[in-house]
Amino acid sequence: FSMMYRDNNKSLQMPSGSAPPVPKQLKGKPLPRIYTHRHFTLFYNNDQIIEVDMEPSSPWPIYAGAPLNFSYTVLWFPTTKEFKDRTNRYLDPKFFEHKVHWFSIVNSFMLCLFLCAVVAIILMKTLKQDFTRYSASEAEELENLDGVGDESGWKQVNGDVFRKPDHLAIFTVVYASGCHLACTVFIVLIFAICNSYYASRGATAGSFVIAHLCTVIVGGYEGGRIFRMFGGQQWKRTMVYQCLFMPGVVFMSFVVINTTAIFYRATMTVPFKTIFIIIVLFLAVCVPLHTVGTLLGRRAAAERSFPCRVHHLKRPIPTKHWAFTPVMTMVAGIVPFGCLFIEMYFILSAVWSHNKIYYVYGFMFAILVLLCLVIICVSITCTYILLNAEDYRWQWQSYISCAATALYVFLYTIHYFYNSTQMSGFLQTVYYFGTSFNFCIGLALFCGSLGFIGSSKFVFLIYSNIKAE
């Protein structure tokens, strides 16, 4: 390499010379070219480099035996920009702070207000009428209804509404994982807003790992509490499943992605040392904290009872239309997606574009809070409809209805892959869809757990205010 260096403002002599002559047999043929000159412009503040710009020039044709002379030039300029602000030049306010982004928050807020109004109507009007009817004496019923009693509605299942859900162990595993993930996400977002994680490479991923390790006790607590509350057996085995479920899902997809990267000799492969450190941290931190959380949760469940006694005999569930449950699930899943899909475009653009850095964590936090409110409202509405149909299997339904949002998000990631990216090849496809699959699994756990929490509070509230027979 030859170098021409300058540290003042005098004119710069660019490398001279024309492209080498092309052999006769190659004239007229399209030949690949390579830039043989690089011009660097560096901005410094004291002894720290703040910015570097590079401009290529002098494209020369490439063929067998072609002479290639590489050169570069450097210009140095002082700047007053601080080192901590060096990444601000890569931010894109015109994209991330576009009015469409603000519209997404307004759209989510209006959707949240509408659903809150629906839930308020259920709680204040419909339930008030139900409480009045169910609390009336037999003489009042005979007088008001001419001897014809109302034998339908959510009160009729008061002896079964707190019955143990089917596959309780699986339910507590996915619920505990969702609670753990929800705490992790909120903690990471709060710290990201306060510390500008975009300025440091790997800061978000590192904080996510630390928050995940520290909040594992929350998942253990909720899993142990729900499992004992519904009278589950073999709690130790279930505790192990809860502890291994989410790491197991991530590990399986990671094995596929990392093995593909090793096969293609890509630089994105994770070294064995990093994998070993993560496993040690999991065994040394996650397992003990999860065990402690489970024991605390079981102790908390022992001090609480259901508002209504569970009958020994199961009440028969009235026959419903075959499309009742699937339609309610799909409609319930698309409502939170309407709150989320605009933000998903900005997130995917930041993750899969080489020139976008996501830095508006305040927007994400606002959307996440509104999403939580929407999910809780949707879950309460679905649970009320289900109980009014005298179907007491609300636990799984409240979870699945809200978790269905992840299905729409995954379909959107497929649309984004084919319409907004230029990825091709097996390695890029595996990496994109493997990452998207993990994200959607986490979103399903997050939304489903929030939905169950909302429905659980609702069910405990309404059945603690009736006169159960």
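Modeller: First a term: buried means under 20% relative accessible area, exposed over 50%, and partly exposed in between, with a 1.4 Å probe and protein chains only. This is a predicted model, where local features need pLDDT of at least 70, side-chain atom pairs count only at pLDDT 80 or more, and totals for chains, interfaces and linings use all residues. Residues are numbered from 1 along each chain as its sequence is written, and side-chain values use heavy atoms, with hydrogens and water left out.

Colleague: How many disulfides does the structure hold?

Modeller: The count is 0, a disulfide being a pair of cysteine sulfur atoms within 2.5 Å. For Cys-179, the nearest cysteine sulfur belongs to Cys-183 and is 7.0 Å away.

Colleague: Is Cys-179 buried or exposed?

Modeller: Cys-179 is buried, at 7% relative accessible area.

Colleague: And how far is the sulfur of Cys-382 from the closest cysteine sulfur?

Modeller: The distance is 6.7 Å, to Cys-402, which is too far for a bond. Cys-382 is buried as well, with a relative accessible area of 7%.

Colleague: Surface next. Which residues make the nonpolar surface patch?

Modeller: Phe-272, Phe-276, Ile-277, Val-280 and Leu-281 make a patch of about 490 Å². Val-280 lies in helix H8, residues 272-302, and is partly exposed at 38% relative accessibility.

Colleague: What fraction of the protein is buried?

Modeller: Of the 469 residues, 41% are buried.

Colleague: And the contacts?

Modeller: With contact meaning heavy atoms within 4.5 Å, 83% of those between residues at least 6 apart in sequence join residues at least 24 apart.

Terms used
Patches are made of residues with over 30% relative accessible area and no salt bridge: like charges are joined within 9 Å, nonpolar side chains (Val, Leu, Ile, Met, Phe, Trp, Tyr) within 5 Å. Accessible areas come from the Shrake-Rupley method with a 1.4 Å probe; for residues, only the protein chains shown count as cover. A salt bridge is a side-chain nitrogen of Lys or Arg within 4 Å of a carboxyl oxygen of Asp or Glu. Helices (H or I, at least four residues) and strands (E, at least two) are DSSP runs, numbered from the N terminus.
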